[in-house]
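Thank you all for coming.

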Amino acid sequence: MKLIPCIEMLYKAEHPDFIERFRAAKADGFDAVDTWLWRDKPLDAVVDVVAETGVQVFSFCVDPRASLVNPAEHATVLAGVRDAVPVAHRLNGAHMIMASGFGLPGQSESELRANAVKVLREACRIAEDGGATILLEPVHMVINGNLMAVRNIRQGLDIVEEVGSPALKVLADVFHNAVDGQSFEDAFADRVELIGHVQLADFEGRHEPGTGSLPWATLLPLLRERGYTGPIGLEYLPSLPIADSLALTRRSLGL
């Protein structure tokens, strides 16, 4: 399984210039990277450095972020997807990441899920027509007492399965899943075919594997056993110089 660094976190300390992080990733043997929002990036320069280095953008976030579970924001969600599709094409088929948004007071889990399914079906029609792929990322985050509506991998799988579009997969972030209390075994027990990407960081601290409590030696064998053959994204805050951080990550994963 190939590793993909998220250059919003990795290489940031050594290379404040975003474009230089592509060259640094190339020098360390990576052929793809993950990123976050695209509107604050010099997109022409990104396209140029991708062509120069061959380091592809595997994923980026639909921008602006808007709530899938709040119908008042659905027009913004769909406009963001329409704007992201040509960006995905410019980046050679990069995947488009979306999160659910926060739960709404007075709404049940079933209502929140129905809202998310409704807008994702529309978003997937846009993605399918444009030949693009959406990744739904469950995120365990609390701000001002509000919790994300879709916050663990099993919830994400349930929604992707209900939407039923080939243009929609789950981004399985094992750090957020650990915050929500799910084990690797629970998260990847079934429907791995609906997972389009896996990202990782250790828990607690969100640093490189080997700095927290998660049982990393079991992760890759479990994913292989379940049939996952995609990439593994490194979305963590390095606690060591980058060479040492990557070495610890590889040792912890058994690579």
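Which residues in H3 meet which residues in H4? Before I answer, please keep in mind that what you see is a predicted model. On the H3 side the residues are His-74, Val-77, Leu-78, Val-81, Arg-82, Val-85 and His-89, and in H4 they meet Asn-115, Val-119, Glu-122, Ala-123, Ile-126, Ala-127 and Gly-130.

Let me now turn to the geometry. In general, two packed helices are described by the angle between their axes and the distance between the axes. For helix H3, residues 74–90, and helix H4, residues 109–130, the axes come within 10 Å and cross at roughly 25°. Because angles under 35 degrees count as roughly parallel, H3 and H4 are therefore roughly parallel to each other. The crossing in which H3 passes H4 is right-handed.

There is another pair to look at, helix H1, residues 18–27, and helix H2, residues 43–53, whose axes come within 10 Å and cross at roughly 15°. That angle makes H1 roughly parallel to H2, and the crossing of H1 and H2 is right-handed. In this contact Phe-18, Ile-19, Phe-22, Arg-23 and Lys-26 of H1 meet a set of H2 residues, namely Ala-45, Val-46, Val-49, Val-50, Glu-52 and Thr-53. Sorted in the same way, the residues of the contact of H1 with H2 are seven nonpolar, one polar and three charged.

Setting aside its neighbours within four places in sequence, Trp-38 is in contact with Leu-43, Phe-60, Cys-61, Asp-63, Asp-83, Ala-84 and Val-87. Arg-21 is 17 residues away from Trp-38 along the chain, and their C-alpha atoms are separated by 15 Å.

Finally, a word on the record. An unreviewed UniProt entry carries the annotation "domain: Xylose isomerase-like TIM barrel" for residues 22–248. In the model, that span is 41% helix and 17% strand, and its end C-alpha atoms lie 21 Å apart.

Terms used
Residues are numbered from 1 along each chain as its sequence is written. This is a predicted model: local features need pLDDT of at least 70, side-chain atom pairs count only at pLDDT 80 or more; totals for chains, interfaces and linings use all residues. Side-chain values use heavy atoms; hydrogens and water are left out. Axes are lines fitted to C-alpha atoms, for helices over the stretch in contact, and angles run from 0 to 180 degrees between N-to-C directions. Helices (H or I, at least four residues) and strands (E, at least two) are DSSP runs, numbered from the N terminus. Angles under 35 degrees count as roughly parallel, over 145 as roughly antiparallel, 65 to 115 as roughly perpendicular and the rest as oblique. A crossing is left-handed if the near helix is turned anticlockwise from the far one by less than a right angle, and right-handed if clockwise. Contact means heavy atoms within 4.5 Å. Ala, Val, Leu, Ile, Met, Phe, Trp, Tyr, Cys and Pro count as nonpolar, Asp, Glu, Lys and Arg as charged, and the others, Gly among them, as polar. UniProt positions are given in the numbering used here, feature names are shortened, and annotations may be inferred rather than shown by experiment.
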